[in-house]
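Hi,

Here is the structure I promised to pass on. Have a look at it first, and my notes follow below.

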4 protein chains.
Amino acid sequence: MSPERRAPYRAGNRENRRQALVEAAIDEIAERGFEGLRTREVAAHVGLNVATLHYYFPTKEALIRGVLDEAMRRFRSTLVADGSPADRLRNHLRAVRSLLREQPQVGAVMGELALRSARDPAVARILREMNDVWHRTLRALLRQAVRDGHLASELDSDAVAALVMSTLMNMCLPTFASPERKDQAFRQLERWLGFSGTGAARPAQSLS
Amino acid sequence: MSPERRAPYRAGNRENRRQALVEAAIDEIAERGFEGLRTREVAAHVGLNVATLHYYFPTKEALIRGVLDEAMRRFRSTLVADGSPADRLRNHLRAVRSLLREQPQVGAVMGELALRSARDPAVARILREMNDVWHRTLRALLRQAVRDGHLASELDSDAVAALVMSTLMNMCLPTFASPERKDQAFRQLERWLGFSGTGAARPAQSLS
Amino acid sequence: MSPERRAPYRAGNRENRRQALVEAAIDEIAERGFEGLRTREVAAHVGLNVATLHYYFPTKEALIRGVLDEAMRRFRSTLVADGSPADRLRNHLRAVRSLLREQPQVGAVMGELALRSARDPAVARILREMNDVWHRTLRALLRQAVRDGHLASELDSDAVAALVMSTLMNMCLPTFASPERKDQAFRQLERWLGFSGTGAARPAQSLS
Amino acid sequence: MSPERRAPYRAGNRENRRQALVEAAIDEIAERGFEGLRTREVAAHVGLNVATLHYYFPTKEALIRGVLDEAMRRFRSTLVADGSPADRLRNHLRAVRSLLREQPQVGAVMGELALRSARDPAVARILREMNDVWHRTLRALLRQAVRDGHLASELDSDAVAALVMSTLMNMCLPTFASPERKDQAFRQLERWLGFSGTGAARPAQSLS
DNA sequence: AATGAATGAGAGTTCATTCAT
DNA sequence: AATGAATGAACTCTCATTCAT
């Protein structure tokens, strides 16, 4: 009735709105942790009332579940690549680094989710599934790279995959160390793997 | 009168009580995270009223600070060792593993603290200091081990120290992976370092 | 379902609600003092939950500030009048008396505020400003009344204004004396001023 | 046993201790009001534990009662004087002013008590009794001064006594006005009474 | 005569959630 | 599709009071 009422905002259908809320929630979690996540704040960041948030997500838990799904989705995208196994491996590592550098909130949220998984079976299940997929993918790539002669044949693909995952995940823990230290750890891993610096894979014999 | 009236604890002096409360808080944090830490619950676990908790710790923040101090103390103890640098290194790695296996709450709390450090400058400062000490200690041990001929001379002690820290810290993220996967990552690190399995250090040339 | 479920108030808009809460707070303060002011009680008197009170006033302090403003508003209304200076003066005195007789809570709250001003700079500032306005107004009226020949020319308008304020304020101290004694004090003041009883101003020479 | 333990402090018998606690309470009330009166604080100011305070005063109410008695005692002392009625009157006014200037806490406590009397029948009774005594004393002095020819014969001793009490009591309300304004009010009262400034009583005809 | 330790009963405040509109 | 208003339940923290020593 009154002329100053909000423009209809027809652009956003249900999914757009949900997506916007999830993104706002991710930002909030990255900044304040699950501990500091407030539905009111999330809604406000999208320009909505809290009550409206509950129209899209019945409970806070549901919103968090949305966050979990989105985080998984973004992370999974770093695994998509083509080329030789060695290339795909190298590209994956780089993609993870880029993701964490360009969207630091994703890393923060992953860390929070990892901790939350200790108390929340639903989160635990999803994270575990994702980790299994990730581990299997890495292991397969490592094996193929070994078979292709790009990596040392004695390499324990299971164990190396686990170490790679560990190192990447660690970048999600904020002040575990300075950013430089994280990079050092990461490069050391690459060195041992034979991916020295920017260039092509080093000779396989550098790995055991 | 009533038989279930709790007998007042006379045994504990001030420090015992504070310690008991800190330990209860650690257990609570490990189980429910900072998010789920409730002063009433902590007090109840020691058999006390909330008001009494505030008699020992003026605020919840002070209690958390006590938790931080205790976690640091326990972690620092894994660095105390003697023997050759290579032995001290090996013992340190094992001590951390034992600590995390025998007192899983400590790991959980470390993880929580690491995340909290992103928003709490006080926690960040303490964690950073501890990490600096840790890094310097590891680096020195690695250098000496290289000088002693136990590790490959090309080894970048800075970077390897960072990778070691990363791998150990990662054990604090609960369901990042199954326990086996964590062990794999850890053993792979030892392998690259030349500490294969239970025995003596492998020849230095296994490291680059 | 249950018949005693309170019907939600739909009548009141935001300002009405705030006003209702302030009035309830005034009544509470009058009855129990600032010492006994409980947000829960105030909310209940308006038929609301405590949480809802905090929806309108973020903190208890903000509510008290609302009380302060309202008390000042009501008191200020006793100064609004027209007629000759002598009439305005007389009417003001009567208005204050009526106010205190008809809304004794206002007097009680004024007394509480006066005491609180000793520790609360914000209250102190507002009260002081109001007193300054009051004093200036009274002084001006007295001077004009002298000029008009209604009051004795030797009268020290500053000092008489102060004494008038003092006498009126004192009516806010509950059992300083019996109501009769307060009236006596007040009438004695009027007598000295030349406003004897109900009627017109007495000849100016009765004042010094 | 240990040499540094507190000196026995034999000086203080039960009454001394109670007195010390009451005085500390008066200071606290003057500074923070009844609202901010904390038994712990009072005890600490005397160098005692809270529990010990309860040894001397079973409840907080009992302590407040002690404060009330002490305040009354101090105030009563301003009425003790000798000389002609006019002198006694003048001296009483001066004594009250001195008391309030030299022991401002007493004034503050009187103000607090006056307000509290609205809710606390015990306080109300005592205050009322004291006020009755005060009023009777003033009235008798005024009558005698009239009889002696020091004050105007038409003077309504009841009403003037009430106005005097009102003016003096008002000095207990902190920022009702600036100190100067209080003095003005007080001096105006003296002027009307015929006690101009420091000197002797003015001729009786200045009063009506 | 004195105290450290303990507590029950609240206080103000926060927040996810609901509901009429 | 959206919201203002409302709430229950819970949280941290406070304080007068008690009690064994």
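By class, how many nonpolar, polar and charged residues does the surface near DNA strand F have? There are 14 nonpolar, ten polar and twelve charged residues. Please keep in mind that this is a predicted model.

In total, 36 residues surround DNA strand F, and the closest are Tyr55(A), Arg40(B), Arg17(C), Tyr56(C) and Arg38(D). As for the helices, chain A supplies at least two residues of this surface from α3 (50-56).

What does the protein meet on the DNA side? Of the atoms of DNA strand F within 4 Å of the protein, 67% belong to sugar or phosphate, and the rest belong to bases. Some phosphate contacts can be named. An N or O atom in the side chain of Arg17(C) is 2.3 Å from a phosphate oxygen of DNA strand F.

Now for the pairing of chains C and D. Chain C superposes on chain D by a rotation of 179° with 0.1 Å of shift along the axis, at an RMSD of 0.2 Å. That is the relation of a two-fold axis. Within chain C, Glu35(C) has the C-alpha nearest the axis, 2.3 Å from it. The copies meet through the same surface, because 100% of the interface residues of chain C are also interface residues in chain D.

Best wishes

Key:
Residues numbered from 1 in each chain as written. Chains lettered and ligands numbered in written order. Predicted model: local features only at pLDDT ≥ 70, side-chain atom pairs only at ≥ 80, totals over all residues. Heavy atoms only, no water. Least-squares fit on C-alpha atoms with pLDDT ≥ 70 in both. Contact = heavy atoms within 4.5 Å. Near = heavy atom within 4 Å. Polar contact = N/O pair within 3.5 Å; in protein donor to acceptor, adjacent residues only side chain to side chain. Helix = DSSP H or I, 4+ residues; strand = E, 2+ residues; numbered from the N terminus. Nonpolar A, V, L, I, M, F, W, Y, C, P; charged D, E, K, R; others polar.
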